[in-house]
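I wrote down what I looked up, in the order I looked.

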Amino acid sequence: MATSFIRSLLIEDNVVHARLILSLLEKAEAVSFDVVHVDTLAAGLARLERGDIDVVLLDLVLPDSQELDTFMRVRADVPDIPVVILTGLEDINLAGRAVEAGAQAYLVKGQINSAQLERSIRYAIERTRAQSGEWDSPMFRLAQQQFLKAAQLMNLDDNIRQRLLFPQRAQVVTFPFRRDKHEQVETVFGYRVQHVLTMGPTKGGIRYHQDVNLGEVSALAMWMSWKCALMQLPYGGAKGGVRVDPTGFSRKELQRLTRRFTSEIIGMIGPDKDIPAPDMGTDENVMAWIMDTYSQQVGYSVPEVVTGKPVVLGGSLGRKEATGRGVVYAIEDAAKHLGMKLSQCTAVIQGFGNVGSHVARFLAEDGVKIIAVSDATTGIYNPHGLSVGSLLEYVREHRFLEGFPDGEAISNAELLELPCDILAPAALQNQITLDNAPRIKCKLLAEGANGPTSLEADEILNDRGIFILPDVLANAGGVTVSYFEWVQGTQNYMWSHEEINGRLHKIMTDAFHSTLQRSQRDHLDMRTAALIEGIDRITQAKLLRGIFP
Ligand code: NAD
């Protein structure tokens, strides 16, 4: 352990709470605490100015400062000192936002014991000293905060909580990439992260995007863990990515990049170890090249090393459209629950790639009027309804939506705020934020993308009574049919389209109802209910397996 004597500043105005924290710190066994206690922010900042403080224990609601501002003022004065938030149960969303803004952790007063308090402080200091910023990204903080909120509400065993807060394995690679017409060889960054190895092999997509980093890939891996557990699939979560903008790449370039990346991470993946699939910027061709590269290395064909590959190479019928189909199954269940008649509903879809275009297609088949769609180039709005067939044809020909004639061009920001019944973000993370959440005008938000809604926005939408189908539930159709593909591959037995869609439908509907039931029974929002369903299952498995050695 790094520290045996910790100088702490406790900023807390409630005398009873302060006494409780002081008594818990006194009982600490592994380290001793030297605690200075003050009851206003001004006194706390004055003490920090004198130096010699290792950690700040901070109540956010003080006589001279309120809420997030309290944390921001401490952070501005002492950016390098770890801050642990002390909160009441009614304020955990606020505490979560402080962690999203850079606090190291939060603890609920009245629900902690001495060992938990001591450990949280120790870990906070160790992380700051190790400058373990490699994980740090807004998306990873969002994933951690969603997890911590669920952990708090389900009273999760603290050992498990600490264990699940970071991925179990992560590989960072750099490798050379030659463009077709350029003299220079680019050095690019790639990642593969496995979050939980307890449940079986790990599973998760590979993303090619210019914003990919270790934190983002780790967040996506964490969400995959909850998603697989929620759907009761025998996988832990993983994710991979390469930090490139693939939009201008030729097929040759894409293939070169994919083959080299695969050989860099080849020790980590395998049909019984970790099974990649498509995600943003990758498709079934990319999966075919990964499968071929892996097979060349081991000396025989291993189709089960990836899912989402072309059907002729052992891909599953229905995999390509599975995520979009699953989103629409979830929307159908939610509409039934909310008493919405789909044939009288309008929908807006952000992103017109694999997920978004299939959501549009299947919603249109249900009689929903698609009034706006978008991609990276533009949004297209037509209040009388867009023809999904024409949109698909246009994109097939022109690659992007820009220039589509039968609608008005609008920005992605405008698109999200259109009045509609169903809004399906199916492109990027962090699209619905504190800024635009008050102006979102849908009744049902179906998250096709991963992490499209920030923590603050989530709270606002819930308060405004918008029904949310969270990403871990709504977009789980992709990994579910990936699982079918893997099973078919390992058994060398192909299922029919009907069999696949029927099984997918049942799994999606079961997951929707178990989430809804938990949400109603425990008075939780749908996201927290879905996360708790998943986390609960992983916790049971972890406790049963025990610890090696
Ligand atoms: P994709 O690459 O096929 O499509 C992405 C779409 O988003 C494209 O139309 C692109 O032009 C658009 N886009 C990019 N930047 C945009 C921006 N700034 N504004 C609006 N649109 C933008 O990717 P995909 O596979 O459809 O994945 C989309 C989302 O769904 C991602 O968050 C991904 O993690 C998630 N997801 C995908 C799957 C799957 O099976 N493919 C499964 C689960 C979740």
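I began with a term: two strands pair if DSSP finds at least two bridges between them. Helices (H or I, at least four residues) and strands (E, at least two) are DSSP runs, numbered from the N terminus.

My ground rules came next. This is a predicted model, in which local features need pLDDT of at least 70 and side-chain atom pairs count only at pLDDT 80 or more, while totals for chains, interfaces and linings use all residues. Residues are numbered from 1 along each chain as its sequence is written, and side-chain values use heavy atoms, with hydrogens and water left out.

**Entry 1: the whole chain.** I found 19 helices and 17 strands in the chain. Its radius of gyration is 24 Å, close to the 24 Å that the globule rule gives for 549 residues, so the chain is as compact as a globular protein of that length. For that I took the radius over C-alpha atoms, and the rule is 2.2 Å times the number of residues to the power 0.38. Along the principal axes, the C-alpha trace spans about 65 × 55 × 50 Å.

I also looked up burial: 59% of the 549 residues count as buried. Buried means under 20% relative accessible area, exposed over 50%, and partly exposed in between (1.4 Å probe, protein chains only).

Entry 2: I followed strand 6 (residues 169–178) into strand 7 (residues 185–194), and a hairpin of six residues joins them. The two pair in the antiparallel sense over ten bridges, and Q171 has R192 in strand 7 as its bridge partner. Strand 7 also runs antiparallel to strand 9 (residues 236–242), with five bridges between them. There I noted V193, whose bridge partner in strand 9 is K239.

**Entry 3: Q146.** Is Q146 buried or exposed? I found it buried, with a relative accessible area of 6%. Q146 sits in helix 6 (residues 138–153). Leaving out residues up to four places away in sequence, Q146 touches W223, L455, R527 and L531; contact means heavy atoms within 4.5 Å.

**Entry 4: A426.** I found A426 in the loop between strand 15 (422–425) and strand 16 (444–446). A426 is buried too, at a relative accessible area of 13%. Which residues does A426 touch, not counting those up to four places away in sequence? I listed Q350, G351, V355, G356, G448 and A449.
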